Each structure stands twice: as structure tokens, then as C-alpha cells.
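Dear colleague,

Please find below the structure that I am handing over to you. My findings follow it, arranged by region.

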Amino acid sequence: PDSDFETGKSLFQLGKYTASYRSFEKYLQVAELTNQSQQQEAEFYMVSCLYELRKKEAGQALVHYKKKYPGTLFQDKLNYMQGMLLFENKDYAGALDYFNRIREKRFNRTDKLQFLFNKAYALLQTNKTKEASEIFQQISLSEGELKTPATYYYAYSAYKLQRFDEA
């Protein structure tokens, strides 16, 4: 069973989410009930696979997982996934509800910038332009693929705020 668990993790890291899901499913069918933390992690990966594949049941699976494991260490990642599902459906207020629960210091640099960009965009779409502007400015000062779009949205938000010298 442990090999199915490790295989599932490896496949997930490779972006092979359907195969990863099947490996974790197989693991959970034969897993010992004694290793609850590994079972919880396997279930987290299964929910993550549904999210990555954008399966229609992903949102419900996220809610179910959070109810089953209320104190999970994966809380920030789960909130990010729930927020992103709402963000992708243009429910920016709903997305912000989840984004505001996230401790961003838990993300690596690249993921943190992407998270901040999405949060700033949602803030902009919900007329929280000043907050959005501050985040876009922070991202525009960093290196990476988000520098150019963040600079654009920073200038746009400065214009909306009538700070023409910054736009």
C-alpha cells in the first residue's frame, strides 16, 4: 500500500492527476487504519487531483474534506483551491472570502506572487481599488512573468484612484 501512496505523490508532482487519483484510491482501499495522517494526506491529494482536473465535484470534495479534517495542515491550500474555483467563475467576492483566510507566508515565492496577483485582481473587481493597487505595486517590483501584468493593473488602479502621476 505504501508504494501506491508514493506512486500517487510522484504522479501528482508530474501533473498526472488522473493516474495519481487512482493510485491514492487504490492505497486507501488497502491502507491500515493505524496511519491516519497518511490517509488524510492521501485524501488531500485526491481532492487536489479533482481540483487540478477541474472536475465538477471538486468544490463539494473540498468542502467535505474540510468538514472531515477541520484542523488540517492543508487549510491554506484548501482555501486557495476553493477561492480559485470561485475566482474562475468570476465570483470575486466569494473568492476573496477564501483568499482572506490564507496565510500567504506558507507559499513559496512563485505561488505567493500568483496568489497575490489573483487576490489583487479580485479586489479590483470588487471595487477595492486602493488595496488592489498596493498589491499590484508590490508584484510589479518583483521579477517574473507577473511583473508586466501587475505593472499594467497597478497603473490602471492608480488611474482609477485619480493618482495620475503614478499612472
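What should the 12 residues of helix 1 (residues 2-13) span at 1.5 Å a residue? They should span 16 Å, and the end C-alpha atoms of helix 1 are 17 Å apart, which agrees. The expected span of a helix is 1.5 Å times one less than its number of residues. Helices here are DSSP runs (H or I, at least four residues), numbered from the N terminus.

Before going further, please note that this is a predicted model, in which local features need pLDDT of at least 70 and side-chain atom pairs count only at pLDDT 80 or more, whereas totals for chains, interfaces and linings use all residues. Residues are numbered from 1 along each chain as its sequence is written, and side-chain values use heavy atoms, with hydrogens and water left out.

Helix 1

The buried residues of helix 1 are Asp4, Phe5, Gly8, Leu11 and Phe12. They cover an arc of only 130 degrees around the axis, which puts them on the same side of helix 1. Buried means under 20% relative accessible area, exposed over 50%, and partly exposed in between (1.4 Å probe, protein chains only). The arc is that of the directions from the helix axis to the C-beta atoms. As a general point, an α-helix has 3.6 residues a turn, so residues three or four places apart point the same way.

The buried residues of helix 1 pack against helix 2 (17-30) and helix 3 (36-52), where contact means heavy atoms within 4.5 Å. Glu6 also lies in helix 1; at 43% relative accessibility, Glu6 counts as partly exposed. The C-alpha atoms of Glu6 and Ala42 are separated by 9.7 Å, and these two residues are 36 residues apart along the chain. Just after helix 1, Gly15 takes a positive phi of about 80 degrees.

Thr72 is placed in the loop between helix 4 and helix 5. With a relative accessible area of 6%, Thr72 is buried. Its side chain reaches the backbone nitrogen of Phe74 at 3.1 Å. Leaving aside neighbours within four places in sequence, Thr72 is in contact with Gln40, Tyr65 and Leu78.

Gln82 is found in helix 5 and counts as buried at 6% relative accessibility. A polar contact of 2.8 Å joins the side chains of Gln82 and Lys66. A polar contact is a pair of N or O atoms within 3.5 Å; within protein, one must be able to donate a hydrogen and the other to accept it, and residues adjacent in sequence count only if both atoms are side-chain atoms. Apart from neighbours within four places in sequence, Gln82 is in contact with Leu62, Val63, Lys66 and Tyr98.

Helix 6 (residues 92-99) is mostly covered, with six of its eight residues buried. These are Tyr92, Gly94, Ala95, Leu96, Tyr98 and Phe99. The buried residues of helix 6 pack against helix 4 (58-68), helix 5 (75-88) and helix 7 (109-125).

Helices 8 and 9

Helix 8 and helix 9 pack at an angle of about 145 degrees, with their axes 8 Å apart. The contact is made by residues that include Phe136 and Gln137 of helix 8 and Tyr153 and Tyr154 of helix 9. Axes are lines fitted to C-alpha atoms, for helices over the stretch in contact, and angles run from 0 to 180 degrees between N-to-C directions.

Helix 9 has 14 residues and reaches 20 Å from its first C-alpha to its last, close to the 20 Å expected at 1.5 Å a residue. In helix 9, Ala150, Tyr154, Ser157 and Ala158 are buried. They cover an arc of only 100 degrees around the axis, which puts them on the same side of helix 9. On the other side of helix 9, Thr148, Tyr152 and Tyr159 are exposed. The buried residues of helix 9 pack against helix 7 and helix 8.

Positive phi values

Most residues other than glycine have a negative phi. Asn127, which is not a glycine, has a positive phi of about 60 degrees. Asn127 is in the loop between helix 7 and helix 8 (129-140), and is exposed, with a relative accessible area of 61%. Just after helix 9 (147-160), Gln162 also takes a positive phi of about 60 degrees. Gln162 is exposed, with a relative accessible area of 59%.

With kind regards

Technical notes:
Helices (H or I, at least four residues) and strands (E, at least two) are DSSP runs, numbered from the N terminus.
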